[in-house]
Amino acid sequence: MQQNLPKYYDIIDKHEIEKCIDTNMLNEEYPIQIVSTGLKDILVPIDNRESLRKIKPNFEEMKKISKEKDVIGMHMFTLNNDEELTAICRNFAPLYGINEESATGTSNCALACYLFKNGIKKNKYVFEQGYELDNPSQIIVFLEENNNLISNVLVGGKGYIVEEIEINNL
């Protein structure tokens, strides 16, 4: 599915999110930034997979900052050293009734564009999400570029059948 071209918004100081999560877990090599390819998210780099797993979000504080910054929520990620997998992610959007989501295409598209802008330039980005919900997903983002500028953003992924039901019209 094609997404909008990226828009980059404010870089956020870590002190602005310290009531949402433990900011000692941040990967400070990368900025905390609002990015959108359709819906705005705060992208939050986390230092490693164990820290990402241990995040205990304060949903009330996330609601406040989401409303204040006019974003859907917070998309946290840790980079992976494996060429096949770019990052592992967690997505929180409590302002919209989603404490945590197992697969978010627009957030991962924004993340791919953010990574491209921050020097991790690829044509294909692979993200995994949903482990803490026992519902893992794989989201694949393809970026096309022209003269070092993103010219197209495409997203797809792998899904799993969780339940099958039959609906009859009366």
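The chain folds into three helices and ten strands, taken as DSSP runs numbered from the N terminus (helices H or I, at least four residues; strands E, at least two). This is a predicted model, in which local features need pLDDT of at least 70, side-chain atom pairs count only at pLDDT 80 or more, and totals for chains, interfaces and linings use all residues. Residues are numbered from 1 along each chain as its sequence is written, and side-chain values use heavy atoms, with hydrogens and water left out.

Start with the whole chain. Its elements run β-β-β-β-α-α-β-β-β-α-β-β-β from the N terminus. Of its 170 residues, 47% are buried (under 20% relative accessible area, with exposed over 50% and partly exposed in between; 1.4 Å probe, protein chains only).

Next, select residues 105–117, helix α3. Its 13 residues reach 18 Å from first C-alpha to last, close to the 18 Å expected (1.5 Å times one less than the number of residues). Ten of the 13 are buried, among them Cys-109, Cys-113, Tyr-114 and Phe-116. Just after α3, pick Gly-119, which has a positive phi of about 95 degrees.

Then move to residues 73–79, strand β5, and select Thr-78. Thr-78 counts as buried because its relative accessibility is 4%. Its side chain reaches the backbone oxygen of Ile-46 at 3.2 Å and the backbone nitrogen of Asn-48 at 3.4 Å. Leaving aside residues up to four places away in sequence, Thr-78 also touches residues including Leu-52, Thr-86 and Ile-88 (heavy atoms within 4.5 Å).

Conventions
A polar contact is a pair of N or O atoms within 3.5 Å; within protein, one must be able to donate a hydrogen and the other to accept it, and residues adjacent in sequence count only if both atoms are side-chain atoms.
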